[in-house]
Amino acid sequence: MSESSSPTVLHLSAVEFTAINLLKPQLEALQERGFDMRLGCKREPNGFDQSLEQFHPVNVDFPRRLDPMATLQASRRLIKVLNDMRPAAVHLRTPAVAMP
């Protein structure tokens with residue numbers, strides 16, 4: 001778990017659009033209930049949207065096409081994020097993230 005006393009929950013999404021338009025209300029609601037909500041998804045070229053900063057987003061870029069090397073790279077990045085963050089739970093939101 002993270003340094004906070006609240007359980008850390010990492011939500012993984014393929015793209016930032018999904019995080020902003022679909023996940024953000026859920027992330028906010030869980031955060032209000034005391035969870036340390038985190039987000040992993042592909043970072044846009046100009047960085048993460050400011051509305052997501054409260055969830056300490058990390059760049060985990062899973063390809064949305066069949067690309068074994070890109071999937072392997074993303075899987076390695078995810079393993080590093082998981083080892084560093086040590087979340088209590090991981091929520092896989094899209095097939096692109098859940099496949100590896």
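This is a predicted model: local features need pLDDT of at least 70, side-chain atom pairs count only at pLDDT 80 or more; totals for chains, interfaces and linings use all residues.
Residues are numbered from 1 along each chain as its sequence is written, and side-chain values use heavy atoms, with hydrogens and water left out.

**Exercise 1.** State the order of helices and strands in the chain.

Solution. 
- Count the elements: 3 helices and 4 strands. They are DSSP runs, numbered from the N terminus (helices: H or I, at least four residues; strands: E, at least two).
- Read along the sequence: β-α-β-β-α-β-α.

**Exercise 2.** Find the buried residues of H1 and what they pack against.

Solution. 
- Apply the cut-off: buried is under 20% relative accessible area (1.4 Å probe, protein chains only).
- In H1, Glu 16, Thr 18, Ala 19, Leu 23 and Leu 27 are buried.
- These buried residues pack against strand E1 (8–15) and E2. Contact means heavy atoms within 4.5 Å.
- After H1 comes Gly 34, with a positive phi near 100°.

**Exercise 3.** List the residues of the largest nonpolar core.

Solution. 
- Take buried Ala, Val, Leu, Ile, Met, Phe, Trp, Tyr and Cys residues joined through side-chain atoms within 4.5 Å.
- The largest such core has 10 residues: Val 9, Ala 19, Leu 23, Leu 27, Met 37, Leu 39, Cys 41, Phe 48, Leu 52 and Phe 55.
- Helix H1 (16–32) and strand E2 (36–42) each give two or more of them.
- Another core, of 9 residues, lies apart from it and includes Leu 10, Val 58, Val 60 and Leu 78.

Methods:
Buried means under 20% relative accessible area, exposed over 50%, partly exposed in between (1.4 Å probe, protein chains only).
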